[in-house]
Amino acid sequence: MSARRLRADFLLALAVPLTAVAVTALEASRWELHADRYRIELKPRPHRSCPDCRGAGGWWVGGANPEMQACGCWAHRSELRIRLLPVPAWPDAPPF
């Protein structure tokens with residue numbers, strides 16, 4: 001086998017356990033990961049053991065127009081976003 005093929009196999013074998021460790025760490029720290037070719041985002045999630053929202057992320061405030069009040073266990077934590085590629089412009093004309 002060539003050195004290039006061995007290196008690719010090694011990196012692939014290493015990627016699986018590292019991904020499992022990263023997912024476990026994100027679950028423990030209550031972050032939600034979203035990754036695609038345009039960005040990598042880490043968003044906070046509500047705490048399951050929060051005494052105020054009990055993991056629901058908020059509660060409904062009554063009135064004529066009910067709204068959801070976000071709980072402070074996750075709403076005041078900042079998001080982390082890394083842009084990778086620019087998002088392509090939406091075409092002005094329909095595709096047909």
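Trainee: What makes Cys71 buried?
Mentor: Its relative accessible area is 2%. Buried means under 20%, exposed over 50%, partly exposed in between, with a 1.4 Å probe and protein chains only. So 2% puts Cys71 in the buried class. This is a predicted model, where local features need pLDDT of at least 70, side-chain atom pairs count only at pLDDT 80 or more, and totals for chains, interfaces and linings use all residues. Residues are numbered from 1 along each chain as its sequence is written, and side-chain values use heavy atoms, with hydrogens and water left out.

Trainee: Is Cys53 buried or exposed?
Mentor: Buried, because its relative accessible area is 7%.

Trainee: Why is Arg54 called exposed?
Mentor: Because its relative accessible area is 66%. Arg54 has a phi near 55 degrees, a positive value in a residue other than glycine. Most residues other than glycine have a negative phi.

Trainee: What makes Arg77 a charge over the ring of Trp31?
Mentor: Arg77 lies over the face of Trp31, at 4.7 Å from the ring centre. The rule asks for NZ of Lys or CZ of Arg within 6 Å of the ring centre and within 35 degrees of the ring normal.
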